[in-house]
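Thanks for coming. Please have a look at it first.

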Amino acid sequence: MRLTVPSLMLCVFGITTGEFVIAGILPDIATDLAVSIPAAGLLVTAYAIGMIVGGPVLTALTARFPRKPLILVLLGITVAGNLASALAPAYGVLFAARIVTALVTSTFFANAIVIAVSTAAPGKQASTVSKLVFGMNLSMILGAPIGTFIGEDHGWRATFLAVAACCAAGLLLVWRLVPDVRDAGAGTGAGTGAGTGAGTGAGTGGGTSAVAELRVFRARDVQLAIAVTAVGNAGLLMVFTFFAPLVTNVTGFPAASVAVLLLVYGVGAAVGNFAGGRLSDRAPMRSQLGLLGVLAAALVLMWAVSGSLVLTAVMVFVLGAVGFSVIPGMQARVLSTASAAPTLAMAVNASAYQLAAAFAAWLGGRVIDGGFGLRSLYVVAAAVTLAGIAVSSYAWRRARVPA
């Protein structure tokens, strides 16, 4: 039992590294496959499409499946998808491989959280989930930079091979060390905000059907909470998608610095997660609106200082911290409004985040192709973040009006 959470953490680390590392190897992929930077950016859209579709649909359809056999199959698909990405002979094959890999991601996370909570000691559910979610933080702090280093030295295909190897190691550990939980915490929920700052929840409907759980999404407050996740994160995700060309082509950093800057961004994200969780515990909606405002201002400031190496490096840390400080409040809001189906709600919320990533990659590509230049992405991202503030304000105003 003690090794259940570390085994699942390794899987989370490997899967999310495969998602985030694309930001560091994007130019190499574009060059090797003879496509433009905007076209390579659409690989982020491909992954997002897979999570958007696979998250709610696959989670609902597999709600009654035994947990351990299910996550072993999901991990096997992840390994195969990353191997296919590494061996892809053409852009279209790589695009399809990213979609297939992403289809199972949200469902794996939801079930992994349920298993982790079901094996936790009484009163330790929240801290157990915090440990599991920390695997995602590590993928930003270590996984993406290490994957970028591997890509720089051995090519981007080696990066996906390394991700596949990490996921395969996680699969073997899950097979040997994770218990076969057949009734994973029916009716149980867990949430955390301060610890890792990534508030999350887990539960299983017990005797409910997939259709019954889907009814929770008819509530307007649930819809608004998920909309805030989608709109509020799109601006930052636009900058992150085109991170490598922004810091090299606009600011002038050498390509070898991208991995280091991703490490700086990841450290900032971890700090922001923790601080955002504390702020969200004290004043959920006020902190969310304030942090989104700071994020919009930081994006504009990034545009202003993008010609300076030192100031850009500082702002990379700031963007990571402020951008991830808004996530705990968004996650907690989804959980509080969808308590009847928290597992499915978290899967759908992950899909909303990926919808933001897909939109961000598409819009960023249109801005670049439109002749506005890479640097203008910062300003467009700030404008999108302001739209997130508008949606958050409406949700807050609605929540304050008595039913």
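R366 forms a salt bridge with D369, and their closest N and O atoms are 3.0 Å apart. The term means a side-chain nitrogen of Lys or Arg within 4 Å of a carboxyl oxygen of Asp or Glu. R366 and D369 sit 3 residues apart in helix α16, so about one helical turn separates them. In general, an α-helix has 3.6 residues a turn, so residues three or four places apart point the same way. When I say helix, I mean a DSSP run of H or I of at least four residues, numbered from the N terminus.

Before I go on, this is a predicted model: local features need pLDDT of at least 70, side-chain atom pairs count only at pLDDT 80 or more, and totals for chains, interfaces and linings use all residues. Residues are numbered from 1 along each chain as its sequence is written, and side-chain values use heavy atoms, with hydrogens and water left out.

How many salt bridges are there by this rule? The count is 2. Besides the pair in α16, the side chains of D32 and R157 meet at 3.6 Å, N to O. D32 is in helix α2 and R157 in helix α8 (residues 156-177), so this pair ties together parts that are 125 residues apart in sequence. D32 has 44% relative accessibility and therefore counts as partly exposed; R157, at 27%, also counts as partly exposed. Partly exposed lies between buried, under 20% relative accessible area, and exposed, over 50% (1.4 Å probe, protein chains only).

Staying with α2, which covers residues 22-32, the buried residues include I22, I25, L26 and I29. Just after α2, A34 takes a positive phi of about 60°.

A cavity here is a set of points on a 1 Å grid over the protein atoms alone, where a 1.4 Å probe fits but cannot get out; lining residues have an atom within 4 Å of a point. The whole structure has 5 cavities of 30 Å³ or more.

Definitions and conventions. On a 1 Å grid over the protein atoms alone, a cavity is a set of points where a 1.4 Å probe fits but cannot get out, and a pocket is an open set with protein on both sides within 12 Å along at least five of seven lines; lining residues have an atom within 4 Å of a point. Grid points are joined across faces, edges and corners, and a volume is the space filled by probe spheres set on the points. Helices (H or I, at least four residues) and strands (E, at least two) are DSSP runs, numbered from the N terminus.
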